[in-house]
Each structure stands twice: as C-alpha cells, then as structure tokens.
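Biologist: I have a chain open on my screen and would like to go through it with you. Can you put it up on your side too?

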Amino acid sequence: MFGSTRHTDSVHGRMRAGTSAVYVVSDEVDSVHRRVVDAGGEVVEPPHETRFGSGAAGYVCTVRDPEGNLWTFGTYRGPS
C-alpha cells in the first residue's frame, strides 16, 4: 500500500503528508515485533487480530521507522 489513505480511524489516518505505509506479508509477526522492541524501535500497534476492508482476518503489528513511515507486518496474503 503506497499513497494516501482513507482510514481516518486508524494509525494510518494520523500520518503526516510525505510519509508512506507499507504492508509486508509475514508468518513471523511476533518475531518481527520482538526484534523492533529489542532494537528500541517504535511500535505503533502491537500484534493483534484484525479484519481488513474485504472482511478477511489477519494477525498484524505496525511499527514506525525513524522517517515516520509505517510498516505493517501481517499474515493476510490477499484474496485467493
């Protein structure tokens, strides 16, 4: 996911202009979360179950890099 967002009720709705949001498929969400915490990184949303706009379920966490970009790591692989 690159570009603007219409999700005003989530962490993505609070992003400032010029930043991006990236979704990375991973079966190791808890491991990624632990690595970010151990490195002193900023966790915006800890690992949790969620539903995407399509209604599909996923397990995700979101972190912010030093430039303000959001990285969401999750198990959702898109429609089959």
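Biologist: Which residue in β3 is the bridge partner of Thr50?

Modeller: Gly58 is the bridge partner of Thr50. Keep in mind that this is a predicted model.

Biologist: How do β2 and β3 run, parallel or antiparallel?

Modeller: Antiparallel, with seven bridges joining β2 to β3. Their hairpin has five residues between the strands, and Gly55 there takes a positive phi near 95°.

Biologist: And β3 with β4, how many bridges?

Modeller: Five bridges, and the pairing of β3 and β4 is again in the antiparallel sense. Val63 has Trp71 in β4 as its bridge partner. The hairpin of β3 and β4 also has five residues between the strands, with Gly68 at a positive phi near 95°.

Biologist: Where does β1 go, then? Which strand is it joined to?

Modeller: β1 is joined to β4, residues 70–74, by five bridges, and these two strands run parallel. Val24, for example, has Phe73 in β4 as its bridge partner.

Biologist: Give me the whole sheet. What is the strand order?

Modeller: The order is β1-β4-β3-β2, in an open sheet of four strands with mixed pairing. β1 (21–25) and β2 (42–51) are the edge strands, each pairing on one side only. From one strand to the next the twist averages 20°.

Biologist: Which strands does the helix touch?

Modeller: α1 packs on the sheet and touches β2, β3 and β4. The direction of α1 makes about 165° with that of β2.

Biologist: Now the inside. Which residues make up the largest nonpolar core?

Modeller: Six residues: Val29, Val32, Val36, Cys61, Val63 and Phe73. α1 (29–38) and β3 (57–64) are the elements that give two or more residues to this core. The largest share, three residues, comes from α1.

Biologist: There's a cysteine in there. What does Cys61 touch, leaving out residues up to four places away in sequence?

Modeller: Val29 and Phe73 are among the contacts of Cys61, and both of those are core residues. Cys61 also touches His33, Glu45, Pro46, Pro47, Trp71 and Thr72.

Biologist: Change of topic. How many aromatic pairs are there?

Modeller: Two aromatic pairs. Tyr23 and Phe52 are edge-to-face, at 5.8 Å centre to centre with 85° between the planes. Tyr23 lies in strand β1 and Phe52 in the loop between β2 and β3, so this pair ties together parts that are 29 residues apart in sequence.

Biologist: Is Phe52 buried or partly exposed?

Modeller: Phe52 is partly exposed because its relative accessible area is 23%, and buried means under 20%. Tyr23 counts as buried at 18% relative accessibility.

Biologist: What is the other pair, stacked or edge-to-face?

Modeller: Stacked: Phe52 and Tyr76 are 4.7 Å centre to centre, with 25° between the planes. Tyr76 is in the segment after β4 and Phe52 in the loop between β2 and β3, so the pair ties together parts that are 24 residues apart in sequence. Tyr76 counts as buried, at 19% relative accessibility. Tyr23, Phe52 and Tyr76 form one aromatic cluster.

Biologist: Last one. What share of the chain is buried?

Modeller: Buried residues make up 32% of the 80 residues. The accessible surface comes to about 5400 Å², and 51% of that belongs to carbon and sulfur atoms.

How values were computed. Residues numbered from 1 in each chain as written. Predicted model: local features only at pLDDT ≥ 70, side-chain atom pairs only at ≥ 80, totals over all residues. Heavy atoms only, no water. Core = buried A, V, L, I, M, F, W, Y, C linked by side-chain atoms within 4.5 Å. Buried < 20%, exposed > 50% of the residue type's maximum accessible area, 1.4 Å probe, protein only. Contact = heavy atoms within 4.5 Å. Pairing = 2+ DSSP bridges. Axes fitted to C-alpha atoms, helices over the stretch in contact; angles between N-to-C directions. Areas by Shrake-Rupley, 256 points an atom, 1.4 Å probe, with all protein chains shown as cover. Phe/Tyr/Trp six-rings, centres within 6.5 Å; stacked < 30°, edge-to-face > 60°.
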